[in-house]
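Here's a quick briefing to read with the model open beside you.

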Amino acid sequence: MAESAVSLVLDYLVQEARLLGGIHDEVASIRAELEMIQSFIKDADARADKEGVSNVARTWVRQAREKTFHIEDVIDEYILHITKHPQKRKRFRFLVDIIPGMTLERHVIASKIQNINNDLKALRERGESFGFNSLEQGGPSYDTRCDPWHDPRMASLFIEENELVGIESPKNELIELLVKGQSNRTVISVVGIGGLGKTTLVKKVYDNEQVASHFDCNAWITVSQSYKMEEILRNMIKDFYEARKEFPPRKIDTMEETQLINELRQYLLEQRYVVVFDDIWNISFWGHIKLALPDNKKGSRIVITTRSEIVAPSNIESPSYHVYKLSPLPLEEAQELFCKKVFQHEGGHCPPELVEFANGIIKRCGGLPLAIVTIGGLLSTKKKTASEWCKFLDSLSSELESNPHLLDITKILSFSYQDQPYNLKACFLYFGMFPEDYVINCARLIRLWIAEGFVKEKQGLTLEDVAQDYLSHLIYTSLVQVAKVDFVGKTRSCRVHDMMREVTLSRSEELSFCHVSITNNSIFDGIRRRLSIQNNVNPHSESITSSQTRSILILGVDEVPDSFLTTCFAHFNLMKTMDFEGAPIDYIPEEVGNLFHLRYLSLRDTKVEKLPKSIGKLKNLETLDLKRSRVSELPVEISGLSKLRYLVAYFENNDIKYNIHFRRAVKIHSGIRCLQSLEKLFNIEANNDAVIAELGSLGQLRKLAICKLKRENGITFCTTLKKMSHLRSLLISATSEEEFLGLQLMSTPLPLLQSLCLRGRLEKLPEWIPQLKSIVRIHLSWSRLMDDPFKVLQALPNLMYVLLHDGYEGEQLHIEGGGFLKLKYLVFRNLRGLKRLIIEEGSLPLLEKLEIGSCPLLKEVPFGIHHLKSLKQLEFRDMPREFVLSLQPNEGLHFSKVKHIPTVEFLVRSLSADVLLAANHNLLQMPNVSRIFKCQIRQDTVLFSINQNISS
């Protein structure tokens, strides 16, 4: 309801305590009232889950939320005023009586503070009249669980086998895990998003005759969010005894927990047992319950269903613990299930005129059986006409929120949301700001969360680290889906399931956000603090001119009117987040300096060329994202941004051939030493020794990219690097591909460095590189080393990614047995002298991708490539004709060496006309034009796709 809003404002009052010294007593009173109201809201939320809140009470919750927003506004107005008039701060006290001579502005704010206190007291009193209780105070509360026989999840236990689709494969896999394998006690955790069918699947496995006959006794225990361990233990004893047609001990009803555990252990010691714990939420549950389940070496099995991977016992802890991740239904099975439910009288066949609408509805369900079955059941009762289904599809979001036949979907999905702490609830709801099916860059999302105030500080961790933990938690609890991971397994982009997005939209009032069209200029319907401005949205009659707006995201719009920019920067004085990524804008008004509270400004992928000098007034700015904008120089005033943590600025010129200058850095002036909070600085020019020396003052720096470094700057730069004890990522680029990097003088390594990219000539590999025990990625471009760098690199214990681009001029590279034990990606490009690559047995055991490009003297595949058992992808770029022909399936001289690799790809430019390309080894005549083609060999099948790139 409003818990997130109230809690976030309470946190904000604590964070800004230093600036609120002039109104300490008033703020203390506000905090006390808010804390009581917060407890009432938690009680109201619990009742809402039981559908026990009246419309009057809901109105009270809405008023509490809006009053909370008003408090934030007034506090920010106060802070804005005292920062404009710092000399008056000590005299700026809010008193009950108006001080003679007080300015009108201060008089207004003082009155607002007084009114807020009065309103909060009245609000609290009305809350008491509704019977809301303070949960923290020990008052009676409502159990957040649904009554079991009204719990919509109960139906999953009683679904008939013939109603199910797509269950056979996972069912057989689980049966095999239960009845075969080791004699040790084994735990199988079935994990997945709510509504995926975990309980249904496991119940069918549990009831299977092969499983039932394999075990001496069995028990099915439904746990859910609220449980008593003694009751769980008693129910297990009763189920186990009943399975063997025995009577349980009469005394179990009076036993305490320890006695119940002992009773179970004694009974199960000689039994091969299976027990299912359905719907686990608590991370400590397994730690408690396993004490009652002895490992009797008889092949006993424990099955857990949960939405949270955090709750599931991990195979890292024990090889006897298995996590089975249940996936959504693939499209064909989703269509089958949908048609089976909707068209029962038509034999499960969808009429042609409804296919388009059916597919649209199925897509929105995202392979979720709960959604497919529930929506299908409703549609089976409606007219099967195109107009009726079109109307239903267009209004599906509102139907999910209001139609009583569909409430089970959002209710079941909402259980995961309700289980989160308030700040993670806010983080999850923020996904609703983005369009349907939008894949979100995780780094962007994390910085937005921080700017919004959702992330709480933890000692010893950066806010980014804490936010990353938040995201991981949301992923592990199945609220968020992973879209892309990098080579070390870190999530780089994510999204939410379409049905989970409906949950965020149904609760949009929590964060007071809405989607609006940039061309819509009508009046606001209530307070909207966060605006997501998109093309092709259905406007809700909201305006984009409210002074209460705190956040703006522009996503996929075709045009941004000048009037909109003027409104944003001239009137939104309390704005905190402005994300213009990808927006079609080419300037930022001078009025940006008015936004004192601004924490986040992204101009990424815009055509903005210059920052106004007034940017130096943004004393609260934490993120300035200029990545791939046209900004080439930062104003000197940037040095005044003492809270800035993230500064990225560069421009990529994709119209030129890849070279050391394809990514243009920005010029920066002296004074950068003042940016003491900087954690990421990417990508600046090394103008002179003075600027390089100033970098040593940035003690919090985690990531640094510096370009146009001259050889004579090497001593100063090495001295600066020694001071960067927190550095994780370092990119150094010389002034040209012929310029040497002077990096030999750094005597001590960077202990936490994980990523190193060196662009420029190296006389030899720096002597400190072998000491980089934390390094996971190394790029060497234009290094042109004469000695084999693998003699050093292959011994680095955590290295996972190596790229050499014109990095070596020798004839042979040799990877010894035991070398590169963790490497996953190995890339060679433009190694013009390389004739031979030797891979010894026992090296590269984890290598997944090998890329070799433009090595004209390399006549055959790497010697020993057959040793690479984990290799999934082999890619060749611009290799000689003879080399390509030698790998043709079956006929090529060296094909046998790569036939074990699932995917082999060729990317070639400027082909001659007589290259063997056809799938059946026929000659494909090509015009003498510049083309790109991609050839994939999958086992014995050849697939060619040819796309013309440039024709002349």
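Three strands make an open sheet in the order E6-E8-E7, with antiparallel pairing. Its edge strands are E6 (440-441) and E7 (481-485), each pairing on one side only. Here, two strands pair if DSSP finds at least two bridges between them, while helices (H or I, at least four residues) and strands (E, at least two) are DSSP runs numbered from the N terminus.

A word on ground rules: this is a predicted model, so local features need pLDDT of at least 70 and side-chain atom pairs count only at pLDDT 80 or more, while totals for chains, interfaces and linings use all residues. Residues are numbered from 1 along each chain as its sequence is written, and side-chain values use heavy atoms, with hydrogens and water left out.

**More on the sheet**
- Strand E7 is joined to strand E8 (residues 491-495) by 4 bridges, and the two run antiparallel.
- Look for Val485 and you'll find its bridge partner in E8, Thr491.
- In general, strands of a sheet pair through backbone hydrogen bonds, either parallel or antiparallel.

**The whole chain**
- The protein chain has 25 helices and 30 strands.
- Of its 952 residues, 54% are buried (buried means under 20% relative accessible area, exposed over 50%, partly exposed in between, with a 1.4 Å probe and protein chains only).
- Take the contacts between residues at least 6 apart in sequence: 61% of them join residues at least 24 apart (contact means heavy atoms within 4.5 Å).
- The accessible surface is about 41700 Å², and carbon and sulfur atoms account for 49% of it (Shrake-Rupley method, 1.4 Å probe; for residues, only the protein chains shown count as cover).

**Cavities**
- There are 3 cavities of 30 Å³ or more (on a 1 Å grid over the protein atoms alone, a cavity is a set of points where a 1.4 Å probe fits but cannot get out, and lining residues have an atom within 4 Å of a point).
- The largest cavity holds about 220 Å³ of space (grid points are joined across faces, edges and corners, and a volume is the space filled by probe spheres set on the points).
- Its lining has 17 residues, with Leu8, Val9, Glu72, Glu452 and Arg530 nearest the centre.
- Helices H1 (3-15), H3 (55-84) and H18 (442-452) each give two or more residues to that lining, and H1 gives the most, with 5.
- By class, the lining of the largest cavity is made up of 7 nonpolar, 2 polar and 8 charged residues (Ala, Val, Leu, Ile, Met, Phe, Trp, Tyr, Cys and Pro count as nonpolar, Asp, Glu, Lys and Arg as charged, and the others, Gly among them, as polar).

**Covered spots**
- Helix H17 (residues 422-429) is mostly covered, with 8 of its 8 residues buried; among them are Lys425 and Cys427.
- Arg444 sits in helix H18 and counts as buried because its relative accessible area is 4%.
- Beyond its neighbours within four places in sequence, Arg444 is in contact with Phe434, Tyr438, Leu555, Asp579, Glu581 and Tyr600.
- Arg444 and Glu581 are 137 residues apart in sequence, yet 9.9 Å apart in space, C-alpha to C-alpha.

**Positive phi**
- Most residues other than glycine have a negative phi.
- Lys297, not a glycine, has a positive phi of about 60°; look in the loop between helix H10 (285-289) and strand E4 (301-306).
- Arg628 also isn't glycine, and its phi is positive, near 60°; its loop runs between strand E14 (623-627) and strand E15 (646-652).
- Lys297 is partly exposed at 49% relative accessibility, and Arg628 is partly exposed at 27% relative accessible area.

Technical notes. On a 1 Å grid over the protein atoms alone, a cavity is a set of points where a 1.4 Å probe fits but cannot get out, and a pocket is an open set with protein on both sides within 12 Å along at least five of seven lines; lining residues have an atom within 4 Å of a point.
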